[in-house]
Amino acid sequence: MTRKPVIAITADHMMIRDIMPAATAYDVYIDAVIHAADALPWIVPPVAEFLDIDALLDRVDGIVFTGARSNIQPYRYQGEVAPENTVQDPQRDATTLPLIPETIDAGIPMLCICRGFQELNVALGGTLHQDVPGLPGKLNHFAPEDWSIEKRFAPAHDILIERNSELAKLSAAKSVRVNSIHEQGIDRLAGGLDVEARAPDGIIEAVRVRDSKAFAAGVQWHPEWDWRDHSLNAKIWAAFGASCRELP
């Protein structure tokens with residue numbers, strides 16, 4: 001019997017009903033790991049310095065750094081103090097940011113999505129725009145929260161895929177329409193990352209880790225949401241899952 005790869009899924013620290021702290025991961029990530037990547041999910045709680053990274057990496061075949069409602073704390077990339085109403089998750093920052101470089105060094109496949117995409121850039125020394133929709137000449141990349149969930153995650157704008165990129169190998173199309181639900185975005189690209197795709201306004205939408213030992217990429221959109229009906233998203237999950245199965 002062929003052993004399925006085990007893929008870790010990063011969780012958020014949230015308060016349930018404002019009284020009970022919990023580690024949470026959205027079902028769409030679990031579903032995509034099981035069905036799109038053909039793997040077993042393993043949720044990793046945001047326990048910061050109490051996470052034994054070496055022990056985790058010894059036991060998993062891949063990691064998904066998920067999207068989240070919260071933003072990365074600006075001090076992590078020498079950014080300006082965020083507005084008071086900004087949702088943050090210090091425990092997640094303290095868990096994922098040290099984990100990303102170790103995952104790359106260990107050659108463990110990883111897929112970084114939305115917040116995870118931003119974490120990848122910050123973990124490797126890059127910086128972020130805190131308010132992409134507020135930048136002059138940029139698209140509104142953040143869908144209003146009072147929209148229905150289906151409308152919020154509907155395709156919103158095209159991405160322009162870089163020639164000779166890994167994404168170009170997965171898609172014959174030069175542009176693909178994707179969803180868009182993010183306030184933050186990459187400002188200064190971290191060293192060691194190559195751009196795979198941009199939005200029409202120039203915002204970086206996909207990156208890969210240069211010279212990585214395994215699949216190591218990030219996307220600003222949410223491929224976990226509509227992979228059953230979206231060819232590129234399905235191929236991203238399949239390529240990630242295949243890389244996880246290649247580990248010895």
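This is a predicted model: local features need pLDDT of at least 70, side-chain atom pairs count only at pLDDT 80 or more; totals for chains, interfaces and linings use all residues.
Q: What classes of residue make up the lining of the largest pocket?
A: 15 nonpolar, eleven polar and seven charged residues. Ala, Val, Leu, Ile, Met, Phe, Trp, Tyr, Cys and Pro count as nonpolar, Asp, Glu, Lys and Arg as charged, and the others, Gly among them, as polar.

Q: How is a pocket defined here?
A: On a 1 Å grid over the protein atoms alone, a pocket is an open set of points where a 1.4 Å probe fits, with protein on both sides within 12 Å along at least five of seven lines. Lining residues have an atom within 4 Å of a point.

Q: Back to the largest pocket. Which residues lie nearest its centre?
A: Ala68, Arg69, Ser70, Phe142 and Glu145, out of 33 lining residues. α1 (27–36), α4 (115–123) and α5 (149–152) each give two or more residues to that lining. Helices here are DSSP runs of H or I, at least four residues; strands are runs of E, at least two.

Q: Which residue does Arg69 form a salt bridge with?
A: Glu145, with the closest N and O atoms 3.9 Å apart. The cut-off is a side-chain nitrogen of Lys or Arg within 4 Å of a carboxyl oxygen of Asp or Glu.

Q: Why does that pair tie together separate parts of the sequence?
A: Because Arg69 lies in the loop between β5 (62–65) and α3, and Glu145 in the loop between β7 (128–129) and α5, 76 residues apart in sequence.

Q: Is Arg69 buried or exposed?
A: Exposed, at 53% relative accessible area. Glu145 is partly exposed, at 48%. Buried means under 20%, exposed over 50%, partly exposed in between (1.4 Å probe, protein chains only).

Q: New topic. How many salt bridges are there by this rule?
A: 13. Asp12 and Arg92 form one at 2.6 Å, N to O. Asp12 sits in strand β2 (residues 12–16) and Arg92 in helix α3 (residues 90–106), 80 residues apart.

Q: What other partner does Arg92 have?
A: Glu119, at 2.7 Å between the closest N and O atoms. Glu119 is in helix α4.

Q: And burial?
A: Arg92 is buried at 0%. Glu119 is buried at 0%, and Asp12 at 4%.

Q: Which residues are linked in a network of salt bridges?
A: Asp12, Arg92, Asp93, Arg115 and Glu119.

How values were computed
Residues are numbered from 1 along each chain as its sequence is written. Side-chain values use heavy atoms; hydrogens and water are left out.
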